[in-house]
Amino acid sequence: MYHSALLTILSLLSVLSGVYSGQILVFPVDGSHWINMKVLIVDLHSKGHNITVIRGSNSMYIKEESPHYSSITVDMVANDEFLTTFLSLLLQMRKHKTSSWDEILFGVEVMKMFSEIHEKICDMTAMMFENETLMKSLQQAKFDMVLADPAMGGGVLLAHKLGLPLVFNVRWTIHGEGHFAIAPSPLSYVPVPGAELTDKMTFIQRVKNVLIYFITYYQQSKYFGQPYKAFCQKYFGPDVDYFSIFQNADIWLMRNDFTFEFPRPTMPNVVYMGGFQCKPSSPLPDDLEKFVQSSGKHGVIIMSLGSLFGELLGDITDEIAAAFAQLPQKVIWRHTGPRPSTLGNNTLLVDWMPQNDLLGHTKTKLFVAHGGTNGIQEAIYHGVPILGLPIAFDQPDNLSRMRKKGTAKVLDISELDRSIFLEALKEVLDNPSYRENMQKLSRLHHDQPIKPLDHAVFWIEFVIRNGGAPHLRTQSFRMSWITYHSVDVMLTLLGAVLISGWLTFLVLRYLCFSVIFKKKIKRE
């Protein structure tokens, strides 16, 4: 009887564990975006879901073989020198101040470069669409949903082609920051990314915010939106608009939350999972732990500028190393370039570091970072203050938010020398407010009923169980600008008021003339 009951329980558990098992098609973005997506994939796989990943043949980080997913590799031709050239030119411009006109010209060239990347994504998706064998296999696979990163638009196009529910792992889209594509965003108190403003703006700042919004909207429409518009025209017909099918996604898993974001309007299908990739620290490798412990009471500073900025210009690294050498703290610096000539004995250079584990170590006092979303979220999670060296993309804006919250000191790399860098290091290390404010943010982040990763996985499984989430999607994106802002209603009401006023005027004028006319007759 005991064995029978045990067998029944195990059978029930087996059935329950398979209830939410789904077939998930993933269309990711390479680079640091893949690091985020992989966290979701690993957790979904551990819960019994079957994952298939679409990858380009030139992927840097997305491996063809993995225990967590199967892959479909599609030929993709890309300019491998793009990032190297872009970063080199950008660092030189930031270091050697150039004219505003040169910066504008550089910005236009950057837009054109990224436009070419979007064109290649469309070419890659077109190859998939025109591969009848591949498309037939995807249709026969009976996928339950598509999980995509909308920083590139291929996942949106593929989900529409296959008629599958769509879930975004999102902060950035081809149209900019995710909220601006789906949620009301009043420019009076919602700062446009890149403006480096807060939700408390003066009149001049609001003017700046509005101008940057329209400039950004124009640039994104011209350089990023056109390839997808042409693609939809060719493969879906003139009645299908990319922006509409993009806004039609079922769930938006947003890679931030309101410990980082300023309060703003949101939507029912926006799910916040800020810090979902963060986790408690694990023990360090023995050699690294020994180095950390050797710091004594002074503690450790860690520095990492992300996967793309492992190597800076030589004169910049020499200034940074010289400043580090004057500190009593030990320094662990992820640096892939030549060894700086001014490197001190207290600084350890590494090609890779267990960043999360180091941030969670009790001896870590400061994080020198470029301001990428992943690094900031990990610093918030572990309560470590930041000295920011923003270089490109969303980094200046991310760090400006941390500066506003009193958790970071931000330096301009174009003005960086050893004395400025050393002074900034000492300020963050010696002023307890930076650590106190960051630890307050950390407490707020941890004070939630469910872990962000579990929250995200729940909503992915919700879409699998229910075949989408159409009841959470707003109707606003199906409306014209005139309908959305009720311009037609206001014009109708205004017209009714004017007509009523005109009729009233005519009636009163008629009555007045009638009275005057009658009085005139009586006199006669």
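## Salt bridges

A search of the whole structure, which is a predicted model, finds 10 salt bridges. One of them joins Arg-255 to Asp-149, with the closest N and O atoms 3.7 Å apart. This pair links distant parts of the chain, since Arg-255 sits in the loop between strand E8 (251-254) and strand E9 (270-272), while Asp-149 sits in the loop between strand E4 (145-148) and helix H6 (154-162), 106 residues apart. Arg-255 and Asp-149 are both buried.

Another salt bridge is formed by Glu-427 and Lys-409, whose closest N and O atoms are 3.3 Å apart. Here too distant parts of the chain are linked, with Glu-427 in helix H15 (residues 418-430) and Lys-409 in strand E15 (residues 408-410), 18 residues apart. Glu-427 is partly exposed, having a relative accessible area of 29%, and Lys-409 also counts as partly exposed, at 25% relative accessibility. In a further pair, the side chains of Lys-200 and Asp-199 meet at 3.9 Å, N to O. Lys-200 counts as exposed because its relative accessibility is 63%, and the cut-off for that class is over 50%.

Glu-261, Asp-397 and Arg-401 are linked in a network of salt bridges.

## A nonpolar patch on the surface

On the surface, Phe-203, Ile-204, Val-207, Leu-211 and Ile-215 form a nonpolar patch, and together they have about 510 Å² of accessible area. Phe-203, one of these residues, lies in helix H8, which covers residues 203-235. With a relative accessible area of 56%, Phe-203 is exposed.

## His-446 and Gly-275

His-446 has its place in helix H16 (residues 432-446). The relative accessible area of His-446 is 41%, so this residue is classed as partly exposed. Although His-446 and Gly-275 are 171 residues apart along the chain, their C-alpha atoms are separated by 9.6 Å.

Note on methods
Residues are numbered from 1 along each chain as its sequence is written. This is a predicted model: local features need pLDDT of at least 70, side-chain atom pairs count only at pLDDT 80 or more; totals for chains, interfaces and linings use all residues. Side-chain values use heavy atoms; hydrogens and water are left out. Patches are made of residues with over 30% relative accessible area and no salt bridge: like charges are joined within 9 Å, nonpolar side chains (Val, Leu, Ile, Met, Phe, Trp, Tyr) within 5 Å. Accessible areas come from the Shrake-Rupley method with a 1.4 Å probe; for residues, only the protein chains shown count as cover. A salt bridge is a side-chain nitrogen of Lys or Arg within 4 Å of a carboxyl oxygen of Asp or Glu. Helices (H or I, at least four residues) and strands (E, at least two) are DSSP runs, numbered from the N terminus. Buried means under 20% relative accessible area, exposed over 50%, partly exposed in between (1.4 Å probe, protein chains only).
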